[in-house]
Amino acid sequence: MGIRFVLMVNKQGQTRLAQYYEYLTLEERRALEGEIVRKCLARNEQQCSFVEHRNYKIVYRRYASLFFLVGVDDDENELAILEFIHLLVETMDRHFGNVCELDIMFHLEKAHFMLEEMVMNGCIVETNKSNILTPIQLMDKTS
Amino acid sequence: MAGSSIMENLFQRSLEDLIKAMRLQLIGESTFISKATEEIRREIKSTDQQTKSTALHKLSYLSSVHGVDMSWASFHVVEVMSSSKFAHKRIGYHAAAQSFNDDTPVLLLITNQLRKDLSSTNEFEVSLALDLLSRIATLDLARDLTTEVFKLLATARVFVRKKAIAVVLRVFDKYPDAVRVCFKRLVENLESSDPQVVTAVIGVFCELAAKDPRSYLPLAPEFYRILIDSKNNWVLIKVLKVFAKLAPLEHRLGKRIVEPVCDHMRRSGAKSLVFECVRTVLTGLSDYDSAVQLAVEKVRELVVDQDPNLRYLGLQALSVAAPKHLWAVLENKEAVVKSLSDDDLNIKIESLRLLMAMVSESHVADISKVLLNYALKSDPGFCNEILDSILKTCCNNVYEIVVDFDWYVSLLGEMAMIPNCQNGEEIENQLVDIGMRVKDARMELVRVGRDLLIDPALLGNVHLHRILCAAAWVAGEYVEFASNPFELVDALLQPRTSLLPPSIRAVYINSVLKILIFCLDCYLLQNDGSGSLYSGNLDGRQSELFSVKNDTEATELATCGGSNYEQDVGFNPRNTAEPSEDLSVENGIDRAAMHGKTFTSNLLEKKNSMQESIVSLLNRIELIFGPLIANQDVEVLERAQNILSLVQLIKEEIIDNSGQSVDIMEKKDTRVSAIINSMRDAFTTELGPVSISAQGRVAVPDGLVLKDNLDDLQEICGDTELPSSSFGTGGPHLTTNSDASSSNLLNNEESGPLNECTSLIEHRKRHGLYYLPTEKSEIVPDEYPRANDPKSNSNVNDEAAELVKLTEQSLLLKKRTNQTKPRPVVVKLDDGDIAPISVKRPEPRDDSLSGAIKDVLLGNETGPSVSRSYPSDKSSRKQTEKKKLSTNGRSEMKENEVDAEKPDPESPNSSSKNHGHSKHRRHRVKEKSVEGEEHDQRGKKKSGHHHGRRKTHQRAKSPLNVVSQTPVIPDFLL
């Protein structure tokens, strides 16, 4: 399983989106998120975007007030994951138009939906923005 | 009240309302959430689908972002999932994906719903069901829905097909037999022209190949085509990962792919792809020099890049390369060293690792020095990283890299002095270990130990206690190398030792005992006046030093000795004034050396002053240890008591003699010297390193029943309280004073309070089963090497010769002048210095999965229960082989060739041999009544694969039938 989880966390360390591709109990999730947030948010711009934590490698990137953190297996390609994060942000940007933290808060299910289109079972299955967004747009139209 | 409930239904808060309200709330987030949850609990019971699904929507939001428990709502989730309205269904599926796990009871209820949705014509519904399945599939779900997934693997709707492909990974994982149904279609998808499908399927194969690469060798042609044709970087990265796993297994494959990989490396502008190529080359294709060269070039660009990410990855790539291509690291030495002062801790640690990989015996001293200076300046975390890596590197393979142990020992001492040092335990182990292994280093060890012991400030640092423990042990054990034993005793007796934990205090006390014995022994020998006086370990220097000590301190000691109870006053300042005194002692040495000749004539005078110092020593010990009789810790108490009674005994004799003439003294008190002699003999037996497998070589005594299940120990442990921890921390020094005949358990009992004695006897009678019979505990098999085994010594000599050669070589490289002596002998045991690397290869976790895949790939589709190891299978395999794998005569030959290349245990020919062998083994193992590895394996299989029951059962019956098959490597590779 390449990607184990995707987190979006704001500057204050509040989780805005959490998607896990393996089962963890709520307590485990909360502990893990806390540890990761403490570790990653303390780092500055001059430091690299990769942190090893437990048996995960965490690749993170900051966009404005939001941190995107992706936990991956040890042999995953870090740079590719950074590109994946960027793709995710671009996709959300295209859908919401200049995406911000509030968009994700109020449209969490849409953000989840995009992620579901892109990643399945920890594998990236789709990297084309219009392919990702077509189903959402269709659903928006029908409902 | 009724009115309000209607209002609630009509004006139910939507998720958006909830989020807005949460942002505005003033009552505190947790209160707000618990109120909202209560509200949801009410709403979710509603019969109205809209109300219910909205409530669930809110709940899953709260659960995912605020960690609210939603397991209680699982039945409602199922209800919402089965709604006919897509918007509701979506909420239900999402909630299920988020909250269900293997233990959710309602899981049984959703099988039909999932089946229905998987076969739906609405592709969004199918997609929802697939997504859920990919998260929560259990054995049952996977088994029951395999057919539906199989159908979707070939559907024309790409949107659904790619998801079905991704789901397969989970289905295979849970239900390996699904491979027989689905694998062919999965492989067909590899050839699809649709980029979306290829992206999904290569992701799946990348994961599958990571677990068991060998099974996928036959698919190499398909992967190769993707490597050549694909334009999608993501796909290329994944396929490179697959090849990185496959290439080491089949050298012809490497030859074939090395060019395309290099092509990508040269041409691609995407850093991620280039980096993946580099990684593939360094891990999978490291034998192809030109490729490695190219990769290292790329790495060089990375390590000097502005972007910290690229620098980090560059360093990581170098550490991948380091074991095989150290030159790559050496070429980038400057960049590596520069990274040591990077802003980023991660980069610093990587660079440190690389630096240690570069270290060789010729410059380990220089590098360590630089690093140590660096550690002093770094923050505590990194400082300890540095110390840790120096320690680990140097002790690697029994100090392979260390030539000059004096240097290394003093380095350890310096490390201990670093204020942030938290590696006490490792330093402790190494100090003791070097003491036991390297005779030539003992002098320096004692010196370093003395420096540590004598500094009262160090006693206050908790992290240093372990090091002090080692120093105290070394000082006691190798006291014959000490320049001044009295000084050591002073250090060990200083008042601040009360800050030490009892277990370490006990070591201190024991060391005092050893030093005392040593001093008394010297004293008695001197009284003998025989010519062989200092011929042994004590050279003439010893006697000089004694007198030097007396010269400088005699007056002070005399006053102390006279008045026992005023001593504490005089004692303290002497320690704090140590440095200057130290200097004078050293001056004294010079003086003494000059006047060395005159000492023999002054023998009598010396004897008197020596006696004075001995008496004062005894007095001091008595004074300091007196209060310890009331100590809480049994270990401290017992040792203090022992030493005190000894002191009393000796004091009587010596003080009686003190006033009298030399004649009487020379009559020599037989009682005291007999005691001292025997104790000295006990302590002079040298301790050696203990083989790590020593315990295993102790035969299990006859009649001892070893129970697998120790549950009934619980009740025994319940009714007695064993003396706590003090034994655990004792370490190797414990063996010095406990006579080996008594096992630890017995020791435990003896040290317990006396009044428990009778109850213990009773207790033993009841539970005698768990104790070793006393008379048998001494049985040690012959093959166990004694500490000073001549056999191992000869071995060491050979090694020493080799090492001398090595050092000569390294001396040529060195500019340092002070390293003129050869590397001292390091005692190495024949075996088990290092924990043995487990001989048994770990059972692949998903053995049944890879087995199934092999079956499918190699065309053996006769069903799950057919054993795969029949040699006759080969023909049928060939017949059903897929066309594109084009098996012809040549490939058969190749197959045999590959067979021959493979290590014995895996080729079918050797299976019978293998079988017989392990059978024999098991037999033998049984005789010894030790749990055998065969048993272990079987046990593991039984418990490990609770799914795939049928197959496990079969395998458990004939555990050795599992012989991995040689995949057929198709023609194209040649």
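**View 1. Chain B as a whole: how far apart in sequence are its touching residues?** Take the contacts in chain B between residues at least 6 apart in sequence: 72% of them join residues at least 24 apart. Keep in mind that everything shown here comes from a predicted model. Chain B has 48 helices and 0 strands. Of its 974 residues, 37% are buried.

**View 2. Helix α7 of chain B and its buried residues.** This helix covers residues 111-118, and its buried residues are B:L114, B:D117 and B:L118. Looking down the axis of α7(B), you'd find these buried residues within an arc of 100 degrees, so they line one face of the helix. What sits over them? The cover includes two helices of chain B, α8 (123-136) and α9 (139-152).

**View 3. B:V398, a residue with a positive phi in a helix.** Look for B:V398 in helix α23 of chain B, which spans residues 380-399. Its phi is near 50 degrees, a positive value, and the residue isn't glycine. Most residues other than glycine have a negative phi.

**View 4. A hairpin in chain A, made by β3 and β4.** The two strands, β3 (50-53) and β4 (56-63), have a loop between them. They run antiparallel and are joined by 4 bridges. Across the pair, A:F50 stands opposite A:V59, which belongs to β4(A). The hairpin leaves 2 residues between its strands.

**View 5. A:R54, in the turn of that hairpin.** Which way does the phi of A:R54 go, positive or negative? It's positive, near 45 degrees, in a residue other than glycine. A:R54 also counts as exposed, because it has 10 C-beta neighbours inside 10 Å and the cut-off for exposed is 12 or fewer.

**View 6. Where chain A meets chain B.** How many residues does each chain bring to the contact? Chain A gives 38 and chain B gives 40. On the chain A side, several elements supply at least two residues each, including the strands β2 (15-20), β3 and β7 (123-124).

Terms used
Residues numbered from 1 in each chain as written. Chains lettered and ligands numbered in written order. Predicted model: local features only at pLDDT ≥ 70, side-chain atom pairs only at ≥ 80, totals over all residues. Buried ≥ 20, exposed ≤ 12 C-beta atoms within 10 Å, placed from the backbone. Contact = placed C-beta atoms within 7 Å. Arc of directions from axis to C-beta. Pairing = 2+ DSSP bridges.
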